[in-house]
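Hello,

Here is the structure I promised to pass on to you. Please have it open while you read, and my notes on it follow just below.

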Amino acid sequence: QVQLVESGGGLVQPGGSLRLSCAASESIFSRNTMGWYRQAPGKEREFVAHITTAGWTNYADSVKARFSVSRDNAKNTVYLQMNSLKPEDTAVYYCNVAPPFTRYWGRGTQVTVSS
């Protein structure tokens, strides 16, 4: 049973920051690149960022220089530090392996950027 539990979402003003967490099962976390994805209302789910087991990172152009993905191997947790948030960042944020497996999608965590 795969467990990926996102947390840390909330309401933040434009320009603000949030830090998302994703707790993963060890068997998945230790062997896979972990990614963050998001889905805004009426939009398709899109890639945000990922981090490999070695710590290499990649970002969507829309979030590069604003978001930072990291992982804590001891905690089997991946993080997404989101700075300089914009209204267009509003979405449900999900973690998954990268590239994602459909059956791994969980509940996600809502991020709302609004004044």
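Let's start with an open sheet of four strands, which has the order β1-β3-β8-β7 and antiparallel pairing. Strands here are DSSP runs (E, at least two residues; helices are H or I, at least four), numbered from the N terminus, and two strands pair if DSSP finds at least two bridges between them. At the edges stand β1 (4–7) and β7, each with a single partner strand, so one side of each has no neighbour in the sheet. On average, neighbouring strands of this sheet are turned by 15 degrees against each other, direction ignored. For such angles, axes are lines fitted to C-alpha atoms (for helices over the stretch in contact), and the values run from 0 to 180 degrees between N-to-C directions.

A word on the source: this is a predicted model, in which local features need pLDDT of at least 70 and side-chain atom pairs count only at pLDDT 80 or more, while totals for chains, interfaces and linings use all residues. Residues are numbered from 1 along each chain as its sequence is written, and side-chain values use heavy atoms, with hydrogens and water left out.

Back to the strands. How many bridges pair β7 with β8? There are six, in the antiparallel sense, and β8 covers residues 77–82. Arg71 stands opposite Val78 in β8.

There is also an open sheet of six strands, with mixed pairing and the order β2-β10-β9-β4-β5-β6. Its edge strands are β2 (10–12) and β6, each pairing on one side only. Strand β5 (residues 46–51) runs antiparallel to β6, and three bridges join them. You can find Ile51 opposite Thr57 in β6.

Next, look at Ser62, in the loop between β6 (57–59) and β7 (67–72). Is Ser62 buried, exposed or partly exposed? Ser62 is partly exposed, because its relative accessible area is 38% and that class lies between buried (under 20%) and exposed (over 50%), using a 1.4 Å probe and protein chains only.

Finally, the largest pocket is lined by Val2, Gln3, Leu4, Val5, Glu6, Gly106, Arg107 and Gly108. A pocket is an open set of points on a 1 Å grid over the protein atoms alone, where a 1.4 Å probe fits, with protein on both sides within 12 Å along at least five of seven lines; lining residues have an atom within 4 Å of a point.

Happy exploring!
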